[in-house]
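Work through the exercises below with the sequence and the model on display. Each task is followed by a solution in steps.

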Amino acid sequence: MLLFRDEEHIDRWCGQWHLPRGATLTLETGWRLAQAWHGPDRRDPEWRRRTVEETEELFASLGLGGDFWRLR
Amino acid sequence: MSDLEIRARIYDALLRTGRAPSAAELGDRQALQRLAAGRVLVLDDAGEILMAPPFSAVPTPFLVHTPSIRAFGNCIWDALGIAAMAKSDAHIETSCGDCGALMRVDVEGDTVKGGGIMHFAIPARMWWQDIVFT
């Protein structure tokens, strides 16, 4: 996941690498996703990877829907 | 030492120093293999830690400064994730993926400041098919 100056730069990068355009997030939404995903302390013995269902709920809570964010 | 204890040692080192311990320092290569199989870590061909998300064990274009450590994220999401995991203010030095212009993102408390747009190229269900590219 890269940071770009603006939409035009994303389009140019996708063209250069022959990749379809993916999904874009504002920094604010990316920060919320990072807090939820990486905030839990992995030193804690109780920490475990999120289940598919929990991940789907997280994406939905941040308004990340559609085929790109589908997990199954 | 259990796998959970190895995991705790890895993340404790990363959060205190920004550096991932070596397999020799951890003293249990099989535990690293099991943690990698469980998608907790990504190892390189020599069995050393390459990624302990959100940290990268090798330099990347996503340098995170907190008041106590400098560390590398695997991507812009992970760079923000280091600030989230450290529960610390941070600033991130990176560059536009297209033109290379320097960009700075600041995390202050619960807020993030900076310009730019994050782009996820790989659909979520395919992230682990090639996690290094993702």
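**Exercise 1: strand pairing between chains**

Strand β2 (residues 23-26) of chain A pairs with β9(B) in the antiparallel sense, over four bridges. Strands pair if DSSP finds at least two bridges between them. The model is predicted, with local features needing pLDDT of at least 70 and side-chain atom pairs counting only at pLDDT 80 or more, while totals for chains, interfaces and linings use all residues. Residues are numbered from 1 along each chain as its sequence is written, and chains are lettered from A and ligands numbered from 1 in the order in which they are written.

Task: find which residue in β9(B) is the bridge partner of A:Ala23.

Solution: the partner in β9(B) is B:Phe120.

**Exercise 2: the side of chain B that touches chain A**

Task: count the residues in contact, then find which element of chain B gives the most.

Solution:
1. Contact requires C-beta atoms, placed from the backbone, within 7 Å. On this basis 34 residues of chain B meet 36 residues of chain A.
2. Elements are DSSP runs numbered from the N terminus: helices (H or I, at least four residues) and strands (E, at least two). Those giving two or more residues are α1, α4 (76-86), β7 (102-108), β8 (111-114) and β9 (117-120) of chain B.
3. α4(B) gives the most, with six residues.

**Exercise 3: the domains of chain B**

Task: locate the domains of chain B and describe their contact.

Solution:
1. An automatic or database domain assignment sets the bounds: domain 1 is 3-52 and domain 2 is 63-130.
2. Their centres, taken over C-alpha atoms, are 21 Å apart.
3. Six residues of domain 1 of chain B and seven residues of domain 2 of chain B make the contact.
4. On the domain 1 side, helix α1 (residues 3-17) of chain B gives the most, with three residues.

Key. Two residues are in contact if their C-beta atoms, placed from the backbone, lie within 7 Å.
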